[in-house]
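I opened the notebook to go through this structure part by part.

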Amino acid sequence: MSRKLYFALAISVVFIFAIPTIATAGDKIKSHGTSVSTKYEMMEVPDVDGHVIMIGEQKQVWFNEITGEKHSGTAYNIMEGNIKTGAGWWVKGYGVSTYPNGDKSFRSVEGKPVGKGHWKGTWKITGGTGKFEGATGGGTWDSKELEQGVNYNEVEGEVEYQQ
């Protein structure tokens, strides 16, 4: 596969890391959003021909289908795979969401490709401020590339607050 194709694939995954809008204690989450890649860098690993590691940043907007709440986010991720054989792809990353009142939620994500420009994985709350301080939970994400560097994302899961 060409570098251009793998770049497009990588960009489609990167969006993933802004993930969920959180509802109320113990409630289910069902959010969707869009992410746009703002930074991207790829490095070749000299062990096997085509082996690369990529790092990226995405800006996101999210809408919670349950509460109607909207928020913005930034995602940071690392991907690894072989751009020549297509083997070994995975993604891991972190995201920060900022809500209109200033509260922030932090999360980790990981996943794998399930088709061309289509990735799925899991997310987990790792901390936050305001109502998200001490929150726990997680769920699944699904990301589809709309065009190079732009993705449509769906997130589901459950979050419980410490409060």
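I began with the aromatic cluster. Y99, F132 and Y161 make up one cluster of aromatic residues. I kept in mind that this is a predicted model.

**Entry: aromatic pairs**

I looked up the aromatic pairs and found two in the structure. I took F132 and Y161 for a closer look. Their ring centres are 6.0 Å apart and the planes meet at 50°, so I logged the pair as tilted. The angle rules out stacked, which needs planes under 30 degrees apart, and edge-to-face, which needs over 60. I then placed both residues. F132 sits in the loop between β6 (118-128) and β7 (136-147), and Y161 in the segment after β8 (150-160), so this pair ties together parts 29 residues apart in sequence. Buried or exposed, F132 and Y161? I found both F132 and Y161 buried.

I also checked for a charge over a ring. K92 lies over the face of W90, with 5.9 Å to the ring centre.

**Entry: the barrel**

I traced the strands next. Eight strands close into a barrel, in the order β1-β2-β3-β4-β5-β6-β7-β8, with antiparallel pairing. From one strand to the next, the twist averages 25°.

Strand β1 (residues 27-44) pairs with β8 in the antiparallel sense, over 10 bridges. I noted H32 with its bridge partner E154 in β8.

On to β1 and strand β2 (residues 51-64). They run antiparallel and are joined by 13 bridges. S31 has N64 in β2 as its bridge partner. The hairpin of β1 and β2 has six residues between the strands, and G50 there takes a positive phi near 95°.

I moved to β2 and strand β3 (residues 70-82). Again I read 13 bridges, with the strands antiparallel. V61 has S72 in β3 as its bridge partner. This hairpin has five residues between the strands, and G68 takes a positive phi near 80°.

**Entry: S31**

I went back to S31, which is found in strand β1. Its relative accessibility is 1%, so I counted S31 as buried. I also took its distance to G68.

**Entry: salt bridges**

How many salt bridges does the structure hold? I listed three.

I took K28 and E158 to begin with. The closest N and O atoms of this salt bridge are 3.6 Å apart. K28 lies in strand β1 and E158 in strand β8, so the pair ties together parts that are 130 residues apart in sequence. K28 counts as exposed at 56% relative accessibility. E158 counts as partly exposed at 31%.

Next I checked K84 and D49. Their side chains meet in a salt bridge at 3.1 Å, N to O. K84 lies in the loop between β3 and β4 (90-98) and D49 in the loop between β1 and β2, so the pair ties together parts 35 residues apart in sequence. K84 is partly exposed, with a relative accessible area of 49%. D49 is exposed, at 56%.

K120 lies in strand β6 and D142 in strand β7, so the pair ties together parts 22 residues apart in sequence. K120 is partly exposed, with a relative accessible area of 40%. D142 is buried, at 15%.

Notes:
Residues are numbered from 1 along each chain as its sequence is written. This is a predicted model: local features need pLDDT of at least 70, side-chain atom pairs count only at pLDDT 80 or more; totals for chains, interfaces and linings use all residues. Side-chain values use heavy atoms; hydrogens and water are left out. Rings of Phe, Tyr and Trp (its six-membered ring) pair if their centres lie within 6.5 Å; planes under 30 degrees apart count as stacked, over 60 as edge-to-face and the rest as tilted. Helices (H or I, at least four residues) and strands (E, at least two) are DSSP runs, numbered from the N terminus. Buried means under 20% relative accessible area, exposed over 50%, partly exposed in between (1.4 Å probe, protein chains only). A charge sits over a ring if NZ of Lys or CZ of Arg is within 6 Å of the ring centre and within 35 degrees of the ring normal. Two strands pair if DSSP finds at least two bridges between them. Axes are lines fitted to C-alpha atoms, for helices over the stretch in contact, and angles run from 0 to 180 degrees between N-to-C directions. A salt bridge is a side-chain nitrogen of Lys or Arg within 4 Å of a carboxyl oxygen of Asp or Glu.
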